[in-house]
Amino acid sequence: MKQDEYIDWNLLMRGMNGELSEEEKASFEEWMTDWKHREYYERMVAEWNEDVVHETNMPRVMLRLDSMLKEQKRQRRLTLRRKWLGWSAAAVLLLGIGGIFMIENRAIEEENVTVAEITPGESKAILVLADGTNVNLDKTTDTARLAIGVAEIIRNEGKITFMGDGEAGELAYNTVIIPKGGEYHVVLSDKSEIWLNADSELKFPVNLKGRERRVILSGEAYFKVAHDTERPFVVETDLGNVRVYGTEFNVKRYMGEKEIKTTLVEGSVGFCKKDDKENYIKIKPGFQISYENGGNPVVQEVKVDNEIAWKSKQFRFERCPLNEIMNDVMRWYNVDISFSDETLKKLYFTGTLNRYAKIETLLRFFEEGCDIKFEIKGRSIVVMKR
């Protein structure tokens, strides 16, 4: 096979069900000429026929297998028995410098390991009102519903809704702060909805009835803006502004990263650099505009589902370097990740994983594709060569 070719899970599934097209059959048969691939496929079919797991969603497969392991851990109490079914992690990983490694048909020997209590993110935030009042929006809130001024908080849904505007007058802002390991859903008084990712901050006016609706973002958020032709909606960041009238889009601008990315799902948006408030560059749905300070904005077509996967409870990446993937993992699981070797940062991966899976499940996906391992100590993780 050519180095940049791979076989994906859906193709294997259709092959097992006899649903391949003629073109797919040729690729499938070429892939099967390798004895490791053939053995892997036969193992997958055998496991499937034994009704071990009948599932086409691989993150869900991994989660269910982890549940089985959790039961074993409960019985053994002090140790975690890690067991791997060769076909269960994923059908393919694309890795560094154009190379490819397929998951081998093998089981990792059981081993006793100490596992840190690292859990995926959850709905939590801090609301800072214009008058300085602080409200924790997490499971420690002692009621499922809480009203503060014009805001209604539904804790069990991870959602805060502003039912009306505050008093008009001097411009004042409310702020929603999302810590690492958190996410939250905000509904503004104009019915615009904003989903905030981990390690993000959103400032918005107490009163949205001015000539424009302007919010200030640091981090990542998905916007579903209520249409209003008379009052544009502006997302302000330290690198530039995004201007819309009613649409859905994603903005990613973390201070530790070099650029801002705006991905349009539907409607129309315009982007302008911070020092140029007049010349907006417009993009169409399915496109992304990125900008690095000192450079020129770049517009390119992207796979939108990959860019907004976090909102759909997934990690989704395609030929993405490991260090970029780990940045998202750090924010979501609230951990520190370092690399013992700088070259490991440039290993490229393709995959879709459950954002709510245990971190051990997530990391195992990467370990099985190449010669690396993750060492967990407390909330610190080191990526190293095996």
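Residues are numbered from 1 along each chain as its sequence is written. In this predicted model, local features need pLDDT of at least 70 and side-chain atom pairs count only at pLDDT 80 or more, whereas totals for chains, interfaces and linings use all residues.

**View 1. Antiparallel pairing of strands E18, E19 and E22.** Strands (E, at least two residues) and helices (H or I, at least four) are DSSP runs numbered from the N terminus. Two strands pair if DSSP finds at least two bridges between them. E18 (residues 248-253) and E19 (residues 259-266) pair over five bridges and form a hairpin with five residues between them. Asn250 has Thr263 in E19 as its bridge partner. E19 also pairs with E22 (residues 287-292) over five bridges, and Ile260 is bridged to Tyr291 in E22.

**View 2. Packing of helices H6 and H7.** The axes (lines fitted to C-alpha atoms over the stretch in contact) carry angles from 0 to 180 degrees between N-to-C directions. Those of H6 (residues 322-333) and H7 (residues 359-367) come within 12 Å and cross at roughly 175°. The two helices are therefore roughly antiparallel, a term for angles over 145 degrees. Leu322, Ile325, Met326, Val329 and Tyr333 in H6 meet Ile359, Leu362 and Phe366 in H7. The residues of this contact comprise eight nonpolar, no polar and no charged.

**View 3. Segments with pLDDT under 50.** pLDDT is the predictor's confidence in each residue, from 0 to 100. The chain mean is 79, with 70% of residues at 70 or more. Across residues 75-116 pLDDT stays under 50, and the model has 117 contacts (heavy atoms within 4.5 Å) for them beyond four places in sequence.

Methods. Side-chain values use heavy atoms; hydrogens and water are left out. Angles under 35 degrees count as roughly parallel, over 145 as roughly antiparallel, 65 to 115 as roughly perpendicular and the rest as oblique. Ala, Val, Leu, Ile, Met, Phe, Trp, Tyr, Cys and Pro count as nonpolar, Asp, Glu, Lys and Arg as charged, and the others, Gly among them, as polar.
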